[in-house]
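Here is a short tour to read with the model open beside you. Have a look at the chain first, and then we can go through it topic by topic.

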Amino acid sequence: MNAVTFQLKKVCKDTKARRGQLKTPHATIETPVFMPVGTAATVKAMRPEDVKELGASIILSNTYHLYLRPGHEIVREAGGLHKFMNWDRAILTDSGGFQVFSLGDLRKITEEGVTFRSHIDGSTHMFTPEKSMEVQNALGSDIIMAFDECAPYPADRAYVKQSLERTTRWLARCKEAHKNTEKQSLFGIMQGGMYPDLRRQSAEEIVEMDLPGYAVGGLSVGEPKEVMYEVLDQCVDYLPKDKARYLMGVGSPDCLFEGVERGIDMFDCVLPTRIARNGMALTSHGRVTIKNARYERDFSALDAECGCYTCRNYSRAYLRHLFKGNEILSSMLLTNHNLYFLVHLMENIRKAIEEDRFLEYKKEFYSKYGRF
């Protein structure tokens with residue numbers, strides 16, 4: 001039995017948008033879902049209680065960062081990541097692959113794995129599929145991701161083909177090395193760059209391993225959004241209909257709608273927390289840059305249509321005052337709002353799918369939100 005199972009509940013008429021349910025050891029997750037990112041065992045500027053209160057049932061944490069600090073053995077000794085960070089709902093950990101490959105000149109790729117230098121102190125380390133599984137097993141997350149090679153954009157066909165085939169071999173090693181199958185489930189990752197036939201090849205190879213879920217990797221790496229959507233149009237159907245589908249690193253409102261429309265079930269992105277720390281809010285009528293002078297005497301709520309703690313209690317003028325004064329509370333309140341906004345956007349999307357009006361809701365949202 002897999003520790004994580006997915007049940008497809010409904011497909012919306014005239015689209016591939018899906019309504020499902022993902023059952024994990026720590027939570028039952030309604031899909032499609034947006035997962036807040038808690039890179040270093042914390043969602044920045046948020047208490048775990050606040051993340052739960054806004055409705056999140058699953059978060060993502062980062063294997064690479066937790067391996068370097070505090071170290072996976074310390075997390076294991078603490079009783080696992082859930083206990084260490086006081087989070088009793090589901091956790092997905094990425095494999096560390098994307099972070100390692102983004103180090104550029106600080107890393108070297110071989111068939112065995114990737115040798116890299118820590119961005120913290122310059123020390124040398126090696127991540128292999130086996131090491132990634134060891135670290136993620138120690139962390140104890142509900143969903144663990146395979147160690148893969150994320151090809152850059154742009155990249156020539158020969159390199160992408162070599163890369164995806166190595167990713168397939170690494171997935172087989174991950175599956176063999178994964179030791180905690182009763183409590184954690186391994187998801188595979190499709191690669192193949194922007195080449196439709198290579199995407200198909202990757203999907204066919206990883207689906208043969210019969211895992212409980214699959215991710216679409218290698219997108220949102222610098223390509224235009226239109227290219228990403230075109231690739232999704234071509235490759236999502238290569239993945240099984242009865243397994244969870246996860247689009248990695250994507251979380252702007254337009255990308256959530258476009259991904260759901262193409263049959264994606266799970267999303268994550270640092271966007272809502274990162275832009276909050278820089279004074280930007282996602283609202284039903286588009287982005288608000290709170291430092292702008294126009295909000296100095298604006299005593300209305302950040303978003304009149306939002307029910308989050310921030311919008312119920314504070315004005316734009318006050319939020320601007322906090323941001324201009326470099327107050328910590330600015331990041332806390334804007335992060336709370338942005339995460340609430342996306343979590344409840346997905347709730348509305350799920351309802352629209354259930355009522356067979358996804359495209360209608362998408363059109364309504366876009367007409368109010370304006371330019372992305």
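Phe365 is buried, at a relative accessible area of 6%; buried here means under 20% relative accessible area, exposed means over 50%, and partly exposed lies in between (1.4 Å probe, protein chains only). This is a predicted model, in which local features need pLDDT of at least 70, side-chain atom pairs count only at pLDDT 80 or more, and totals for chains, interfaces and linings use all residues. Residues are numbered from 1 along each chain as its sequence is written, and side-chain values use heavy atoms, with hydrogens and water left out. Helices (H or I, at least four residues) and strands (E, at least two) are DSSP runs, numbered from the N terminus.

**Aromatic pairs**

- The structure holds 14 aromatic pairs; rings of Phe, Tyr and Trp (its six-membered ring) pair if their centres lie within 6.5 Å, and planes under 30 degrees apart count as stacked, over 60 as edge-to-face and the rest as tilted.
- One of these pairs is Phe257 with Tyr361, which is tilted, at 5.7 Å centre to centre and 45° between the planes.
- That pair links distant parts of the chain, with Phe257 in helix H10 and Tyr361 in helix H15 (residues 358-369), 104 residues apart.
- Phe257 and Tyr361 are both buried.
- Phe365 has a ring partner in Phe341, and this pair is tilted too, with 6.4 Å from centre to centre and 45° between the planes.
- Here helix H14 supplies Phe341 and helix H15 supplies Phe365, 24 residues apart.
- Phe341 counts as buried, at 9% relative accessibility.
- Ring pairs join Phe257, Phe341, Phe358, Tyr361, Phe365, Tyr366 and Tyr369 into a cluster.

- Eight of the nine residues of H10 (residues 253-261) are buried, so the helix is largely enclosed by the rest of the structure.
- The buried residues of H10 are Pro253, Asp254, Cys255, Leu256, Phe257, Glu258, Gly259 and Val260.
- Just after H10, Gly263 takes a positive phi of about 100°.
- The largest nonpolar core has 90 residues, and Phe267 and Ile349 have the most contacts inside it; such a core is a set of buried Ala, Val, Leu, Ile, Met, Phe, Trp, Tyr and Cys residues joined through side-chain atoms within 4.5 Å.
- Helix H14 (residues 328-354) gives the largest share of this core, 12 residues.
- A second, separate core of 21 residues includes Val4, Leu22, Ile189 and Tyr246.
- Leaving aside residues up to four places away in sequence, Phe267 touches residues including Pro32, Phe34, Tyr246, Leu256, Val260 and Met346, where contact means heavy atoms within 4.5 Å.

**Helices H7 and H8**

- The axes of H7 (residues 157-177) and H8 (residues 196-207) come within 10 Å and cross at roughly 10°; axes are lines fitted to C-alpha atoms, for helices over the stretch in contact, and angles run from 0 to 180 degrees between N-to-C directions.
- The two helices H7 and H8 are therefore roughly parallel to each other; angles under 35 degrees count as roughly parallel, over 145 as roughly antiparallel, 65 to 115 as roughly perpendicular and the rest as oblique.
- On the H7 side, Arg157, Val160, Lys161, Leu164, Glu165, Thr168 and Leu171 meet Asp197, Leu198, Gln201, Ser202, Glu205 and Ile206 of H8.
- By class, this contact of H7 with H8 has five nonpolar, three polar and five charged residues; Ala, Val, Leu, Ile, Met, Phe, Trp, Tyr, Cys and Pro count as nonpolar, Asp, Glu, Lys and Arg as charged, and the others, Gly among them, as polar.

**Loops and backbone details**

- Lys179 is found in the loop between H7 and strand E11 (185-190), and is exposed, with a relative accessible area of 65%.
- A cis peptide bond with omega of about 5° joins Thr31 and Pro32, and Pro32 is found in the loop between strand E3 (28-31) and strand E4 (33-35).
- The peptide bond from Arg69 to Pro70 is also cis, with omega near 15°, and Pro70 is in the loop between helix H2 (63-68) and helix H3 (72-77).
- Ala41 has a positive phi near 65° without being a glycine; Ala41 lies in the loop between E4 and helix H1 (48-53) and counts as buried at 13% relative accessibility.
- Asn86, another residue other than glycine, has a positive phi near 60°, and counts as partly exposed at 48% relative accessibility.
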